[in-house]
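Q: Please take a close look at a single part of this structure, and walk me through it slowly as someone new to it.

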Amino acid sequence: MDRRTVLKGLAGAGGLALTGLSAPAIAQGASARTLRFVPQANLANFDPIWGTQYVVRNAATMVWDTLYGIDSSLQPQRQMVESEEVTDDGTTWTFKLRPGLKFHDGEPVRSKDVVASLTRWSARDPMGLMIKALQQELTAVDDRTFKWVLKQPFPKMLYALAKNNSPCGFIMPERIAQTDPFKQITEYVGSGPMKFAKGEWVPGAKAVFEKFTDYVPRQEKASWLAGGKQILVDRIEWIVMPDPATAAAALQNGEVDWWENPIADLVPVLKKNKNISVDIGDPLGNIGSFRMNHLFAPFNDVRARRAVLMALSQEDYMRAIVGDDTALWKPLPGFFTPDTPLYSEVGGEILKGKRDLDAAKKLLAESGYSGQPVTCLVAQDQPITKAQGDVTADLLKKLGMNVDFVATDWGTVGSRRAQKTPPGQGGWNMFHTWHAGADCINPAPYTAVRANGDKAWFGWPNSPGTEKEVASWFEAKNLDEEKAAIGRLNKAALDDVVYAPTGFFLSYTAWRKNVSGITKGPLPFFWGVSKSA
Amino acid sequence: MLSYILRRIVATLPVMAIVALFVFSLLYIAPGDPAVVIAGDQASPEDVERIRQSLGLNRPFLVQFGGWVWRILHGDLGTSIFTNLPVSAMIGQRLGPTLSLMIVTLLLTIAVAVPLGVVAAWKAGSLIDRVIMGFAVFGFSLPVFVVGYMLAYIFALELEWLPVQGYTPLSSGFWPWLENLILPAIALGCVYIALVARITRAAMLEVLQQDYIRTAKAKGLGQGGILFIHALKNAAVPIVTVIGIGIALLIGGAVVTESVFAIPGLGRLTIDAILRRDYPVIQGIVLLFSFVYVLVNLMIDVVYTLVDPRIRY
């Protein structure tokens with residue numbers, strides 16, 4: 001009996017035990033005004049500009065508001081902003097804030113706060129850095145108006161201010177936003193719909209958010225980060241549970257109300273429980289990634305990279321990650337998130353159809369590979385990377401490669417992958433990761449698809465064709481132009497194998513049936529969520 | 001005695017210094033970089049480097065070590081790289097749950113294991129002895145997380161008597177505090193109970209063969225008096241030793257138990273800190289655990305003098 005079997009047994013038995021449940025457990029009894037939520041990870045810090053982990057971003061969306069918010073159709077919508085104007089030449093943006101915006105300390109939100117916040121954000125965010133490079137001035141005109149003057153147009157301005165990719169353009173009071181962007185803030189005052197209860201924060205265990213009664217929501221219907229953020233509970237408690245079986249049992253027992261990301265193994269059990277609803281949490285899902293180091297042999301030769309792509313079976317990877325639930329994955333002959341406007345399969349033939357191991361071996365031999373060790377970094381503490389690593393080790397062995405399988409933890413992979421030294425001297429040949437689908441809807445937040453050599457993400461791919469099309473997308477004036485650019489980008493990136501996509505996969509979220517208003521999205525949205533007794 | 005205790009306390013200082021140097025060196029050479037974790041996946045190498053600089057991680061080893069020691073000598077364990085909270089405050093937040101868990105486990109162990117060991121020795125070779133020792137082997141063999149899941153299933157999910165997870169401070173009431181600790185304490189205590197029961201049995205068996213026990217029996221003393229007053233007291237030295245050593249077991253087991261029952265204690269803080277390479281927190285916790293261990297050993301030595309008047313320092 002292994003640990004996974006024990007987990008399933010416990011959760012399964014719990015599910016059966018509670019199928020006909022009516023009486024509350026001794027441990028129950030929390031107020032219907034308190035929503036108890038199990039997040040995907042520990043909220044270890046709470047500066048969404050300094051620390052860019054998704055869990056920090058998710059919590060920050062409650063506490064800090066943004067000027068614009070992305071909606072479910074991936075379009076930027078006004079949030080703190082009442083109106084904006086842009087000059088005909090596209091270089092001067094003038095924004096006016098909504099009246100009545102207040103910070104949690106009672107101070108009004110002023111333009112100077114926005115200017116300081118955007119200055120800090122633009123020092124860390126990839127799109128912010130692009131704007132900063134074009135910036136002539138960013139100034140407060142009056143308390144509710146600010147102006148951003150650029151040297152040349154930046155058509156994606158509103159998207160940059162609205163995007164949900166970390167770091168988001170959160171607005172903080174000036175005194176806090178003046179903190180060095182590479183140092184943590186120590187005050188957590190925002191103007192969002194919830195206040196952060198710092199005194200109750202136990203990093204690694206619990207974080208508490210209380211309703212901000214002075215928050216004035218927009219009148220529009222809420223849609224992801226846009227629209228009226230109506231908070232229908234008084235208090236939201238984030239309870240960190242590192243053990244999935246414990247989280248499953250707590251959800252079944254009514255000790256928590258909503259579990260952000262139940263693992264696939266436990267979902268069948270949760271589905272059997274009549275008090276629990278289970279559904280896909282984030283329709284934008286995730287993209288698995290097998291990242292090769294373009295600086296060193298064998299993957300410095302495009303033929304070796306293409307050989308891997310020819311032999312790679314995405315189904316093997318996806319089944320290793322999510323199991324046999326075919327609703328949870330689909331093949332991905334490209335780099336962009338399926339079912340989003342810019343999704344493309346142009347140039348994706350190499351990932352389609354029957355895998356041709358013989359042709360792949362032949363191509364690998366042509367690349368000059370002669371049995372040197374291939375250092376494969378595999379983080380064992382992340383189920384997704386471990387699953388991918390096991391499949392890759394098998395794949396490379398089938399290709400006749402000499403695999404140096406480095407089983408380690410994510411912290412070590414994180415630092416070792418930054419090494420540009422040869423694999424035998426502390427460097428590496430390949431590692432696995434995954435990208436949130438929300439980060440792969442276009443090239444702006446999609447660092448992993450960039451291929452600008454030394455400045456590119458780990459693996460340092462150099463593909464001028466890919467970079468040319470990234471620039472084309474940024475300059476595109478309408479959706480058709482964007483789609484055309486992305487099609488060409490997809491092909492160039494696959495031709496040069498910027499990285500190997502191992503497939504697209506989804507995950508579930510689960511909640512008690514006395515909770516309503518949970519919407520699908522790239523992060524958990526707490527506005528509109530209510531709970532009955 | 002007092003001078004002995006003072007000497008021992010003074011003697012802990014070099015031990016702690018060696019531990020501090022060892023831990024700091026180990027973390028310095030260990031792979032992994034907190035700046036990488038903080039910066040996130042999208043960060044550029046320049047961003048990572050700036051974070052490293054702001055955290056002082058790029059300074060030479062001796063400068064970092066010297067600064068850390070200097071702060072410790074001033075009672076400052078440093079600040080967590082991730083939470084920006086003082087390490088002492090973070091340890092303070094987590095001390096209550098872990099201490100509660102260990103105390104309840106310790107009391108449970110003594111209450112269960114010692115009588116079991118005494119009875120097993122008294123009935124040595126009988127069915128009762130075999131059953132007790134069988135349970136001891138069972139308890140010793142089962143991993144903490146398996147026991148934890150089984151208990152949670154039976155008592156939390158099936159019977160709904162106790163909560164699955166969490167911790168309630170004692171200030172919220174005795175029962176709310178205790179109900180969260182019962183299952184974790186049993187899970188954590190299984191190995192410990194097995195160990196103490198076996199040692200108690202072995203120690204008692206030796207004592208029960210002594211002449212003075214035969215004399216006591218000949219004088220017509222009751223079985224209970226012989227076992228629990230005369231024999232147990234003379235068998236106490238190895239039992240106390242094992243109970244003390246077992247505290248190290250508890251510290252190790254608490255890491256798993258706190259994860260299984262989502263108890264916000266030091267064990268979970270340790271794991272989180274290690275996975276994120278939060279050096280100041282790891283160093284603070286290791287120092288604390290080392291100090292506790294040294295202190296426990298001192299307490300054991302003091303207890304020896306209480307249970308065996310022949311021992312004098």
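**A sheet and its helices in chain A**

A: In β5(A), A:W93 is the bridge partner of A:V86, where strands (E, at least two residues) and helices (H or I, at least four residues) are DSSP runs numbered from the N terminus. This is a predicted model, in which local features need pLDDT of at least 70, side-chain atom pairs count only at pLDDT 80 or more, and totals for chains, interfaces and linings use all residues. Residues are numbered from 1 along each chain as its sequence is written, while chains are lettered from A and ligands numbered from 1 in the order in which they are written.

Strand β5 (residues 92–97) of chain A pairs with β4(A) in the antiparallel sense over five bridges, and two strands count as paired if DSSP finds at least two bridges between them. Both belong to an open sheet of four strands in chain A, ordered β4-β5-β7-β6, with antiparallel pairing. Because β4 (81–86) and β6 of chain A stand at the edges with a single partner strand each, one side of each is left without a neighbour in the sheet.

Turning to the helices, in α4 (residues 126–134) of chain A the residues A:M127, A:G128 and A:I131 are buried, that is, 20 or more other C-beta atoms, placed from the backbone, lie within 10 Å of their own. Seen down the axis of α4(A), its buried residues fall within an arc of 100° (taken from the directions from the helix axis to the C-beta atoms), so they line one face of the helix. These buried residues pack against α3 (111–121), β6 (135–142) and α5 (157–162) of chain A, with contact meaning C-beta atoms, placed from the backbone, within 7 Å.

Conventions. Buried ≥ 20, exposed ≤ 12 C-beta atoms within 10 Å, placed from the backbone. Contact = placed C-beta atoms within 7 Å.
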